[in-house]
Amino acid sequence: MDWLHEFPAMERQGLRDMKKAIDLGFREFSRAYGEGIENFFEPLLFFLVWLERLLINSPWPIVILVIVSLTWIVARSWLIVVGTTLCFLVIGYLGMWEDTMATLAIISVSTLICICLGIPLGIGMARSDRVQFVITPILDVMQTIPSFVYLIPVVMLLGIGKVPGLIAVCIYAMPPIVRLTNLGIRLVDKEVMEAADAFGASYWQRLFGVQMPLALPNIFAGVNQTIMMALAMVVISSMIGVRGLGLPVLRAISNQYLALGLLNGLAIVALAIIFDRVSQHYGKRLQQHRQGSLDD
Amino acid sequence: MIDVKVEISNLFKIFGPNPNGIMGLVKNGISKHDLLDQHGHVLGLRDININVPAHRIQVIMGLSGSGKSTLIRHINRLIEPTSGEIIIDGEDVLAMSQLQLREFRRSKISMVFQNFGLLPHRTVAQNVAYGLIIQGIKGVEAIERSQQWTERVGLAGFENHYPAQLSGGMRQRVGLARAMATDAEILLMDEAFSALDPLIRTDMQDVLLRLQEELHKTIIFITHDLDEALRIGDQIAILRDGAVIQVGDSQEIIMNPADDYIADFTKDINRSRVIEVRSIMDNAADASGPELKSTMPIEDALQILINATNNTGVVVDDNGKIVGKVDLDRAVSAIARPDKELQEGLRYK
């Protein structure tokens, strides 16, 4: 009756061999293809480095001016514009300008990647139940697997640096935009879709004329969530060599510097709030036609 | 002989996992209830045969669940049939390829929906132009045609409003203008006015009838409201449990209901307003008295008959030719409900 009290596990030798085989196999794989994959991501690295340098090397008043004008164009709210200016001034005054710019660069690039990959994926999921059936569990894994676990193969493949960090951020931050694009398209009023069909709309006319515009509020919620999750990964990605606000936080943890951790942490929060408010305002602005008000 | 525009024959629709396998049972006349209970399939339509006359308003009437919305969606194939054919201008809609179907929907047929189906992110003008934009008509022509239809349905001045800023009746005017703007010959209206309150509904019926007087489109109009059916329908088909139980004009439906089911729900209508003198006249070539048009409702004829000598009038057709006579007694008894409905226990269950 031994097997009742002790789980009949695989014998040690076999287990060890299995793990070894996986490790070796992956090592072989990364030796064989690592360089190729690295080259594949080269343009991404260039873009990221270019953006980071641009943000850090440009005179700070110009950077603030550009950011604030973007905020105004997108959100059209004085409150947000004033808040954003104040945040960046305080961040700069407290000596976190460069780190903030580095973080801004990686967040922007990873959000861009997530949008470019995530929205088409979401559209594919909305189009076919089978695709949804396949992708949903993958998204579940991406969101729940501890980041450290997928950092291992990424680092084995690409080493330590910006690109692995970027990939890690994207893996974690992409699911919401995929999910919400899918959801948004599936929630489009059935009768409006029927009307488009009845007038002979083609697939693309339906997608760009009806589904995407009507799904925009949800897609925007997805973008918003993606940005928030990318920011949440700032500290973890700094563990594999990404510069930015995460690095000082990491240093603060290991050395118990309370003030350093707090300041950099608050800077991340400030960025998060700015991104959130701006994207939410933009989403609301897109929805103006839904309100019954008569002023155009 | 009236031209037939849409010829629906032997149309069946069964919802469920294996509709083709179950067709045999349905053709042998299994009841809707048994089909669902024993085989897990829902009978949508059973052997529909309707010839829709060209340039007329064909009403398809039925209570909810009778399959009327399913039927109208077969005509432009928003729903695929299980078997049957729908011939429009010599072409079987159900045999069209996807490309042909799209072309057919763009040019020949358009549709108005119960809950309007407007694009909430587009203005009135853009919504009206939707069918044109889908067809690839751009710029000035689309704007002009959209403008023209917006005005014709009485929405001038609202071009730049969004649907959310309009009332229900106005929204359906947009729906109607959108359907008219493509100049399609066939117009499908799926309970188009059912979501509107009664006054607005009558208003919209007037708009439709007025447009129809000029345009002579072939209109297929779905409704659950008998008054509406009688008011606008040139021909009425009544549907129950997915099958047609009577096809005829308003007079036939009222005067000769095919079964108790129809008799039961025609009994609450205002008979004096619906029944026309042609339905109650006696054939006679030599009568004398005031002239009554054959399509005059009894309601209008009563006063004339009361004032006439012998309480009798002659019925004349559109050309003024005498086709019959009618007297007051007959007119009054036609307004009274048929005898059998006064007995108890005949209510349809």
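This is a predicted model: local features need pLDDT of at least 70, side-chain atom pairs count only at pLDDT 80 or more; totals for chains, interfaces and linings use all residues.
**Sheets, a helix crossing and a chain contact**

In strand E13 of chain B, Ile322(B) is the bridge partner of Val316(B). Val316(B) pairs with a residue of E13(B), and the strand next to E13(B) here is E12(B), residues 312-316. Five bridges join E12(B) to E13(B). The two strands run antiparallel.

Now widen the view to the sheet. Three strands of chain B form an open sheet in the order E11-E12-E13. Its pairing is mixed. Strand E11 (291-293) and strand E13 (322-327) of chain B are the edge strands, each pairing on one side only. From one strand to the next, the twist averages 40°. A helix packs on this sheet: H14 of chain B, residues 298-307. H14(B) touches E11, E12 and E13 of chain B. Its direction makes about 135° with that of E12(B).

Elsewhere in chain B, follow strand E1, residues 4-15. Eight bridges join E1(B) to strand E2(B), residues 42-53. That pairing is antiparallel. Within it, Lys13(B) stands opposite Leu45(B) of E2(B). E1(B) also pairs with strand E4(B), residues 83-88. Here there are five bridges, again in the antiparallel sense. Phe12(B) stands opposite Ser83(B) in E4(B).

Turn to chain A and its helices. Helix H2(A) spans residues 12-57, and helix H8(A) spans residues 162-186. They pack at an angle of about 95°, with their axes 10 Å apart. An angle from 65 to 115 degrees counts as roughly perpendicular, so H2(A) is roughly perpendicular to H8(A). From H2(A), the contact uses Phe41(A), Leu44(A), Leu45(A) and Leu48(A). From H8(A), Lys162(A), Val163(A) and Leu166(A) take part. By class, the residues of this contact are six nonpolar, no polar and one charged.

Finally, look at where the chains meet. The contact takes 20 residues from chain A and 21 residues from chain B. On the side of chain B that touches chain A, three elements each supply at least two residues: helix H4 (98-107), strand E6 (109-112) and helix H6 (130-135). H4(B) gives the most to that side, with four residues. The side of chain B that touches chain A has nine nonpolar, eight polar and four charged residues.

Conventions:
Residues are numbered from 1 along each chain as its sequence is written. Chains are lettered from A and ligands numbered from 1 in the order in which they are written. Two residues are in contact if their C-beta atoms, placed from the backbone, lie within 7 Å. Ala, Val, Leu, Ile, Met, Phe, Trp, Tyr, Cys and Pro count as nonpolar, Asp, Glu, Lys and Arg as charged, and the others, Gly among them, as polar. Two strands pair if DSSP finds at least two bridges between them. Axes are lines fitted to C-alpha atoms, for helices over the stretch in contact, and angles run from 0 to 180 degrees between N-to-C directions. Angles under 35 degrees count as roughly parallel, over 145 as roughly antiparallel, 65 to 115 as roughly perpendicular and the rest as oblique.
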